[in-house]
Amino acid sequence: MVDAQADSWIPDICKTTGGAKPAKKSGKKKGQGKKGHGNAKHKSTTAGPKTGDDLSDDVDQLASDLATRAVLTGEEDIPEYRVPVSQLFPDHQYPVGQECDYRDDNLWRTTSEEKRALERDQNVDYNNARRAAEVHRRVRQYARKVIQPGMTTTEIVNVIENGTRRLVEASGIEAGIGFPTGVSLNNCAAHYTPNAGDKTVLQYDDVLKVDIGVQVKGRIIDSAFTLTFNPRYDPLVEAVREATNAGIREAGIDVRLNDVGAAVEEVMTSYELELDGKTYQVKPIRNLYGHSIDPYIIHAGKSVPIVANGDQTKMEEGEYFAIETFGSTGKGYVVPEGVCSHYARNPEVDPKRIPLRVPRAKSLLSTIEKNFGTLPFCRRYLDRLGEDKYLLGLRNLVDSGILNEYPPLNDIPGCFTAQFEHTILLRPTCKEVMTRGDDY
Ligand SMILES: [Co+2]
């Protein structure tokens, strides 16, 4: 999930970008769209998710989708997708992510005995995060294999979420899905997941962002990638993957958030993309941010920009960050639009202090607290818990400030957006890219 901000929410100090914008590289990477593949005549869907509030056929539809999918994907034949990771690692020590030494003034940390001792104290916690990261790698490897044009977005999220539940041995809020699976298409950059009844079908010319969350004991792993089928988008995808890697490289203890944004912006804007004879410089979406992550809280206090924004706040030892970047052929600015699917309790509001007069809102809140705590959830998760007719209750909880809603975030119609995201941990002795895999 991504942290989104409107311009007016950004403190004035953060708006000064004077002098901070990096010099553009002189040699631009030219768009490398492979024209030889360009004769496929597939129609794109209309931009943005098609969603519906009609929940009547949801349960039957989901059951039928699931049955179809199991047959189509043959998922039962792939042991790596069926066996919980706890069984694959009998000593319950999960793989360490990519370790990167700190630089310059922080190089001493690499060999500090004192800092190593701090890490030993945290090992149980790190290991929870690594277990979630291992589940993430396996689920997304499987997702890459099976996601194809012609599948509905509902089928796609079911494959991913059922896989996550199985591999992490989902159990209440002890372990499970970290947030609703994002399957945002084209100009929609983030926070689209289907609600019941949504019939959106993935098309050959779509740009799909797959944003998957896994959590173990509150340690949320947040990592996303972009899937395309038409190679004409390759430069856009590469721009964003490399921009995210630049942000990860720049991140570290005592590093200013502005500097991470500047590093991302410099790499992202050095790419161009050619579509239908028109050349686009890839733009970072300037009002989307990475974010710090606390136990059970996906958006903790810090926002990591993807442009130089003047924010002098520093990253600190022990913090988890989602480093995520978004590139666009549109305006590079998103607005909330369309039917909402994602919600989460506002961790700063104590629901007990807010009087609720609508009985349905009270019962819904108790379901939410019991099953999700402060983790983000979507309408489909309420459906599968047997809740129905909850839309007014949800509205009431949002209006009272107990819940935040996270509607889809769209750039202008007709444009394309891509995303890559990793979860990193600023350990005392090194930076660990928890979700690094051989895919991205
Ligand atoms: Co995120």
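Leaving aside neighbours within four places in sequence, which residues is threonine 228 in contact with? The close-ups below, taken from a predicted model, start there.

**View 1. Threonine 228 and its contacts from elsewhere in the chain.** Here's the answer: once neighbours within four places in sequence are set aside, threonine 228 touches Asp206, Val207, Tyr233, Asp234 and Val237. Threonine 228 itself belongs to strand β7, which covers residues 219-228. Look at leucine 208 too: it is 20 residues away along the chain, yet its C-alpha atom and that of threonine 228 are separated by 6.4 Å. How accessible is threonine 228? Its relative accessibility is 21%, so it counts as partly exposed, given that buried means under 20%.

**View 2. Glutamate 169, with a positive phi.** Most residues other than glycine have a negative phi. You'll find glutamate 169 in the loop that runs between α7 (153-168) and β3 (175-177). With a relative accessible area of 34%, glutamate 169 is partly exposed.

**View 3. Lysine 217, in the loop between β6 and β7.** What is the phi of lysine 217? It's about 50°, a positive value on a residue that is not a glycine. The loop holding lysine 217 sits between β6 (207-216) and β7, and β7 is the strand where threonine 228 from View 1 is found. Lysine 217 has 47% relative accessibility, so it goes down as partly exposed; exposed would mean over 50%.

Definitions and conventions:
Residues are numbered from 1 along each chain as its sequence is written. This is a predicted model: local features need pLDDT of at least 70, side-chain atom pairs count only at pLDDT 80 or more; totals for chains, interfaces and linings use all residues. Side-chain values use heavy atoms; hydrogens and water are left out. Helices (H or I, at least four residues) and strands (E, at least two) are DSSP runs, numbered from the N terminus. Buried means under 20% relative accessible area, exposed over 50%, partly exposed in between (1.4 Å probe, protein chains only). Contact means heavy atoms within 4.5 Å.
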